[in-house]
Amino acid sequence: MFRSTGLKTGGVMLLGASLFVTGCKRDATAGASGAPPARPPAAVRAVAALTRDVPLYLDEIGKIVSIDSVSIVPQVGGKLLKAHIQDGADVKKGQLLFEIDPRPFEATLAVAKSALTQANAELGLSKSEYTRIEGLKGTAAISQQEIDQKQNAVAISDARRESAEAALQSAQLNLEYTKIYAPIDGRAGARLIVPGNILKANDLPLLLIQRLDPIYAEFTVTENDLGTVRKFLADRGMNEGESPEKGLKVEVDLPGDSPTMLSALGQSAGAPDDSGQASAQKPTSKPTSQPTTQPKRSGARVGELTFLDNAVAAGSGTIRLRATLPNADYYFWPGQFVNCRLILTTKQNAVLIPIEAQQIGQAGPFVFVVKPDQTAEQRPIRPGQRQGNMLVVESGIAAGEQVVTDGQMLVAPGGNLMVIPNGPPPGGPRGPGGGAPATK
């Protein structure tokens with residue numbers, strides 16, 4: 001028993017001595033180098049800042065308004081016989097829409113014609129009598145009073161004839177009103193009254209027609225921006241009575257067609273084609289080496305600024321503007337809310353970087369710049385307006401400088417960098433929750 005215990009105790013002592021010697025060797029090795037192991041370079045992706053001509057703009061929320069909106073109201077009363085229009089149909093100016101029972105008005109017209117014939121006969125008789133006695137004027141055969149009476153009878157008969165003519169014209173006009181025609185080109189709404197109903201003159205509307213091409217986009221800007229808008233309008237020469245082609249451009253699109261929404265739906269926004277529509281493009285798995293700017297937003301239509309109101313609204317401190325847009329395909333619909341971008345001017349040779357390159361620190365916005373020696377420099381910037389997936393940099397970055405777009409969490413100012421090609425994010429593919437894939 002005692003021998004076995006001694007052997008175990010000796011083995012423990014030998015193991016402790018071995019660990020002590022190993023630790024001394026490691027300490028001696030660390031002491032010989034004099035510094036901890038160097039930090040490996042941070043793996044990042046970077047792109048070069050580029051220059052483009054970009055628009056300077058104001059983004060506002062607007063509303064689509066029809067240029068012409070006509071409510072069809074009957075001008076005579078009666079029974080509605082026919083409706084020649086379907087709900088929601090396109091109509092042309094002069095197209096027959098409704099018919100009201102014309103028989104009462106035809107009878108009234110016949111009475112008016114008869115009254116006019118009678119008035120003409122009475123006028124002819126009065127003129128004949130006056131002509132006969134006019135030759136006896138100045139003789140003892142007739143008095144001046146009788147001459148005046150015959151002359152007055154002619155005037156009365158002539159007035160009755162004119163009244164009968166007016167009644168005939170009114171009867172003809174009322175008969176014409178029994179057929180209702182479209183006053184403008186446009187699109188009809190729902191019929192509000194169906195055949196069989198009795199109508200009253202100038203009472204309830206039968207239909208609403210709105211012109212959809214061209215169409216208005218109305219929006220407001222704050223009074224603080226009014227001076228800027230007027231300045232650029234003056235630079236373009238848009239004064240009273242001048243052609244609206246000299247006005248500012250306005251890009252208008254629907255909120256559902258915005259790049260943010262398309263991205264959320266897993267779609268990519270294509271550039272507008274010749275018709276102004278955005279063409280759908282399938283996203284590609286192969287990343288591009290350099291982001292690009294989009295001068296026009298997805299689905300945006302370009303119109304002209306054609307109206308600037310003459311007063312600032314007292315309650316809101318805003319002023320109303322209006323753009324005229326082509327809308328032959330009915331892309332815009334009256335009452336829709338839209339995104340309006342008023343293009344004030346074009347900034348020449350602006351410096352742009354990807355929006356993801358910008359970081360926010362305690363001192364404000366900054367980016368990490370890749371220096372020629374592959375080290376990182378933290379550079380403060382003054383950002384400007386966004387241009388699609390790019391950001392205008394007013395100062396702090398020169399064209400051609402490399403900025404870090406991914407992997408900034410691993411970067412330290414002055415630290416070494418390893419710029420990797422575009423591909424999977426630095427650190428490998430992400431697992432559930434955004435972290436590294438789970439290992440068994």
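What follows is a conversation about how some terms apply to this predicted model.

Colleague: What should I know before reading the values?

Modeller: The model is predicted, so local features need pLDDT of at least 70 and side-chain atom pairs count only at pLDDT 80 or more, while totals for chains, interfaces and linings use all residues. Residues are numbered from 1 along each chain as its sequence is written, and side-chain values use heavy atoms, with hydrogens and water left out.

Colleague: Why is Ala 166 called partly exposed?

Modeller: Buried means under 20% relative accessible area and exposed means over 50%, with partly exposed in between (1.4 Å probe, protein chains only); Ala 166 has 43% relative accessibility, and therefore counts as partly exposed. Ala 166 lies in helix H3, residues 144–176, where a helix is a DSSP run of H or I with at least four residues, a strand is a run of E with at least two, and both are numbered from the N terminus.

Colleague: What makes S3 and S10 a pair?

Modeller: Two strands pair if DSSP finds at least two bridges between them, and S3 and S10 (residues 207–210) have four, in the antiparallel sense. Val 70 has Ile 209 in S10 as its bridge partner.

Colleague: Why do S3 and S5 count as edges of the sheet?

Modeller: The open sheet has four strands in the order S3-S10-S8-S5, with antiparallel pairing. Strand S3 (69–72) and strand S5 (90–91) each have a single partner strand, so one side of each is left without a neighbour in the sheet.
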